[in-house]
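Here is a short briefing on one protein chain. Keep the sequence and the 3D view open while you read.

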Amino acid sequence: METQKKVAVIGLGNIGKAVANNLVNNKHNVIVATRNADEANDFAAQSGGFAKSTTIEEAVNTADIIIPAIWFGAFKDFFNDNGNSLEGKIIVDVSNPIAPDGNGGFKKIIGEMESAGELNKAILPKGAKLVKAFGTLGAGTLASSSNHEPEKDVLFYASDDMEINNDIEEVIRETGFEPLRVGGIDQSIRIEVFGDLHEFGKLGKAVNIEEAKSKL
């Protein structure tokens with residue numbers, strides 16, 4: 001069943017492209033927008049009619065569920081630039097607060113006990129609703145594990161507003177995964193890089209629903 005909510009992916013980096021491709025591959029419509037209009041147009045042209053390219057402004061105004069597939073540090077500008085247009089929208093935070101450590105790995109760029117989800121919630125525009133999702137797997141796994149058989153792999157999410165859970169769970173299913181809520185935004189740290197429920201943390205891999213529930 002196709003979601004009644006309009007979904008926009010803003011940014012077509014590794015995570016954004018994986019999410020948008022998973023929606024397209026499952027024959028669900030998606031709006032795509034980037035600062036590089038040609039990139040969005042090319043993606044839409046190869047989507048079999050399931051993706052529509054627009055400007056970022058139009059995507060924000062049109063979509064009900066907005067997935068800014070952008071770097072953690074860019075969220076403040078995104079919120080400031082779009083302001084009142086985000087009122088009533090569901091914003092999906094896919095970000096991980098990390099940067100290269102200079103030794104071939106990555107380091108956390110915020111406090112050890114801080115999460116991107118909680119920090120982004122603190123600057124969320126009035127009337128917008130935040131969900132933490134889609135950043136719990138690496139981009140490669142997000143692409144390769146979609147529609148895994150015989151059991152779908154899990155995508156964890158965190159949300160404070162129970163009224164939006166059905167909407168975000170439907171979108172997660174439309175990308176070929178099984179949704180599982182870990183709690184409120186204050187649990188975001190568990191599903192961000194280095195967290196115990198992240199692929200690049202203690203969990204170490206994509207898991208099915210029974211394996212996932214055993215970790216909660």
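A residue counts as buried when its relative accessible area is under 20%. By that cut-off, buried residues make up 51% of the 216 residues in the protein chain. The model is predicted. The chain has eight helices and ten strands.

**Overall shape and surface**

- A compact globule of 216 residues would have a radius of gyration near 17 Å; this chain has 16 Å, so the two agree.
- The C-alpha trace spans about 40 × 40 × 40 Å along its principal axes.
- Take contacts with a sequence separation of 6 or more: residues 24 or more positions apart account for 65% of them.
- The chain exposes about 10,300 Å². Carbon and sulfur atoms supply 46% of that area.
- Charged side chains number 22 positive and 32 negative. The centres of the two sets lie 2 Å apart.

**Helix α1**

- Helix α1 covers residues 14–25, twelve in number. At 1.5 Å a residue, α1 should span 16 Å. Its end C-alpha atoms are 16 Å apart, so the span agrees with expectation.
- The buried residues of α1 are Gly16, Ala18, Val19, Ala20, Asn22, Leu23 and Val24.
- Lys27 follows α1 and has a positive phi, near 60°.

**Thr34**

- Where does Thr34 sit? Its place is in the loop between β2 (30–33) and α2 (37–45).
- Is Thr34 buried or exposed? Its relative accessible area is 11%. The cut-off for buried is under 20%, so Thr34 is buried.
- Leaving aside residues up to four places away in sequence, Thr34 touches Gly11, Leu12, Glu39, Ala40 and Ile56.
- Thr34 and Glu192 are 158 residues apart in sequence. In space they are 24 Å apart, C-alpha to C-alpha.

**Helix α7**

- Helix α7 runs over residues 165–174 and is mostly covered. How many of its ten residues are buried? The count is eight.
- Gly176 follows α7, with a positive phi near 95°.

Definitions and conventions. Residues numbered from 1 in each chain as written. Predicted model: local features only at pLDDT ≥ 70, side-chain atom pairs only at ≥ 80, totals over all residues. Heavy atoms only, no water. Helix = DSSP H or I, 4+ residues; strand = E, 2+ residues; numbered from the N terminus. Expected span 1.5 Å × (residues − 1). Buried < 20%, exposed > 50% of the residue type's maximum accessible area, 1.4 Å probe, protein only. Rg over C-alpha atoms; globule rule 2.2 N^0.38 Å. Contact = heavy atoms within 4.5 Å. Areas by Shrake-Rupley, 256 points an atom, 1.4 Å probe, with all protein chains shown as cover. Lys, Arg positive; Asp, Glu negative; His and termini not counted. Charge placed at Lys NZ, Arg CZ, Asp CG, Glu CD.
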